[in-house]
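Q: I'd like to learn how to read a model like this one. Can you walk me through it, feature by feature?

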Amino acid sequence: AQAEKEGYAHFMLKEIHEQPKAIRDTLSGRLEGNRVVFPDLKLSPTELAAVEKIHIVACGTAYHAGLVGKAAIERLARVPVDVEVASEYRYRDPLLTEKTLVIVISQSGETADTLAALRESQRRGAKVLGIVNVVGSSVAREADDVLFTWAGPEIAVASTKAYTAQLVVLYLFALYLAELRGTLSEAERAGLVAALQALPEQTEAVLGLAETMKGHAESVASATSLFFIGRGLDYAVAQEGSLKLKEISYIHSEAYAAGELKHGTLALIEDGVPVVALATQPNLLDKMVSNITEVKARGARVIALAMTGEAELAKTVDDLILLPPTDPLLAPVLAVVPLQLFAYHAAVARGLDVDKPRNLAKSVTVE
Ligand code: G6P
């Protein structure tokens with residue numbers, strides 16, 4: 001197994017570092033000039049253009065990718081999207097018609113609840129598109145259509161490269177749908193395609209934050225509780241960052257929509273409580289700065305992640321991590337990487353079995 005880790009101490013660390021390649025491979029063959037092409041898609045352009053709503057169904061990290069997918073599809077293709085965890089969806093009598101597209105997202109393609117949600121959706125007459133990493137898996141075989149994430153085998157229980165590859169497929173799909181529906185200008189599409197193509201190299205650059213994130217992780221390794229806050233897409237990434245940390249470091253953490261702090265969580269902020277603030281979205285920067293000021297006033301120690309706004313943030317937060325500039329819609333890909341490294345190093349600092357956290361399995365094939 002040591003050989004398979006190619007010199008990395010853990011599979012998780014290796015897989016974090018494989019993300020530039022996973023993103024590149026997932027984009028490969030799917031862009032022609034400024035257009036997205038899906039050579040294997042069976043759903044016809046006419047069927048897809050007629051879709052009236054989309055349900056995204058998944059578990060765990062794949063569910064968190066779905067939250068970003070909702071934003072991308074709604075923003076670019078203007079189709080309403082609901083995202084739900086599969087264990088809820090399958091039992092709640094969802095409202096589906098033949099004009100509903102169900103997208104199930106799964107790294108393994110074997111998660112019991114996700115598979116059951118797929119079958120239930122088909123039984124009710126909906127078409128199911130799978131976004132899957134494992135070729136030949138149950139979801140890949142049973143879905144009406146599949147778009148693969150080409151992340152390669154993921155061994156560590158905590159998912160990393162599968163998540164970023166899922167985001168890439170969702171962005172591509174949103175662009176594809178937008179073109180069919182005529183909801184995006186040529187120039188906007190060209191801008192996003194160029195931004196997508198820059199992601200592998202930018203992700204490589206973000207991996208250069210490893211030592212910085214190790215330092216931050218070591219500084220929180222004995223904390224009893226942490227908060228991740230953000231708005232919009234940053235809230236989606238906050239949820240994934242919090243899950244990563246909980247899964248492998250066993251430190252309690254919560255992700256909060258920053259605007260909701262005042263409705264409860266602010267009561268938990270006291271001297272020295274670490275808060276990871278995501279502020280990558282330029283249109284929400286001012287709002288984030290005021291939320292950060294609120295937690296700072298109660299004694300929080302704030303580590304912020306941003307793309308712009310250095311001047312405003314630098315004087316408010318304790319530590320500022322700047323990400324390479326991209327289209328705000330794509331920021332989750334770059335923002336999650338430091339959070340993965342943060343979780344990883346927190347677990348290592350606590351002497352834990354990073355690749356095989358207690359009580360958890362890579363693939364949950366029973367209910
Ligand atoms: C398990 C894994 C998670 C994963 C989730 C969904 O809980 O530990 O890392 O996100 O299952 O798995 P899937 O294979 O369906 O993406």
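Q: Let's begin with a pair of strands. How many bridges join strand S8 (residues 225–230) to strand S10 (residues 274–279)?
A: Before the count, bear in mind that this is a predicted model. To call two strands paired, look for at least two bridges between them. Here S8 and S10 are joined by three bridges, and the two strands run parallel. If you want a spot to look at, Phe227 stands opposite Val275 in S10.

Q: What is the strand order in the sheet, and is the pairing parallel or antiparallel?
A: Follow the pairing from strand to strand. You get S9-S8-S10-S11-S12, five strands in an open sheet with parallel pairing. At the edges sit S9 and strand S12 (319–322), each of which pairs on one side only.

Q: Which strands does helix H12 (residues 285–297) touch?
A: For packing, ask what the helix contacts and then how it is oriented. H12 packs on the sheet and touches S8, S10 and strand S11 (301–306). The direction of H12 makes about 170° with that of S10.

Q: Now zoom out. How many helices and strands does the protein chain have?
A: The chain has 14 helices and twelve strands. Its C-alpha trace spans about 55 × 45 × 40 Å along the principal axes.

Q: And what does the radius of gyration tell me about the protein chain?
A: The idea is to set the value against what a compact globule with that number of residues would have. For 367 residues that would be near 21 Å, and the protein chain has 20 Å, so the two agree. Also, 52% of the 367 residues count as buried. Looking at contacts between residues at least 6 apart in sequence, 76% join residues at least 24 apart.

Q: Can we see that in one residue? Is Ala178 buried or exposed?
A: Count the C-beta neighbours; 20 or more within 10 Å makes a residue buried. Ala178 has 23 of them inside 10 Å, so Ala178 counts as buried. This residue lies in helix H8 (residues 161–181). Leu76 is 102 residues away from Ala178 in sequence, yet their C-alpha atoms are 5.6 Å apart in space. Setting aside residues up to four places away in sequence, Ala178 touches Leu76, Ala77, Thr183 and Leu184.

Q: Where do Glu6 and Tyr250 lie?
A: Check the local element, then the exposure. Glu6 is in the segment before helix H1 (11–17), and with 10 C-beta neighbours inside 10 Å it counts as exposed. Tyr250 lies in the loop between helix H11 (233–249) and strand S9 (252–257). Since 14 other C-beta atoms are within 10 Å, Tyr250 is partly exposed.

Q: Last one, the ligand. Which residues come nearest to it?
A: Start with the nearest residues, then ask what the shell is made of. Gly60, Thr61, Ser106, Ser108 and Thr111 come nearest, out of 16 residues around the ligand. Helix H4 (residues 60–77) gives the largest share of the shell, three residues. Sorted by class, the shell has nine polar, six nonpolar and one charged residues.

Key: Residues are numbered from 1 along each chain as its sequence is written. This is a predicted model: local features need pLDDT of at least 70, side-chain atom pairs count only at pLDDT 80 or more; totals for chains, interfaces and linings use all residues. Helices (H or I, at least four residues) and strands (E, at least two) are DSSP runs, numbered from the N terminus. The radius of gyration is taken over C-alpha atoms; the globule rule is 2.2 Å times the number of residues to the power 0.38. A residue is buried if 20 or more other C-beta atoms lie within 10 Å of its own, exposed if 12 or fewer, and partly exposed in between; C-beta atoms are placed from the backbone. Two residues are in contact if their C-beta atoms, placed from the backbone, lie within 7 Å. A residue is near a molecule or strand if its C-beta atom, placed from the backbone, lies within 6 Å of it. Ala, Val, Leu, Ile, Met, Phe, Trp, Tyr, Cys and Pro count as nonpolar, Asp, Glu, Lys and Arg as charged, and the others, Gly among them, as polar. Axes are lines fitted to C-alpha atoms, for helices over the stretch in contact, and angles run from 0 to 180 degrees between N-to-C directions.
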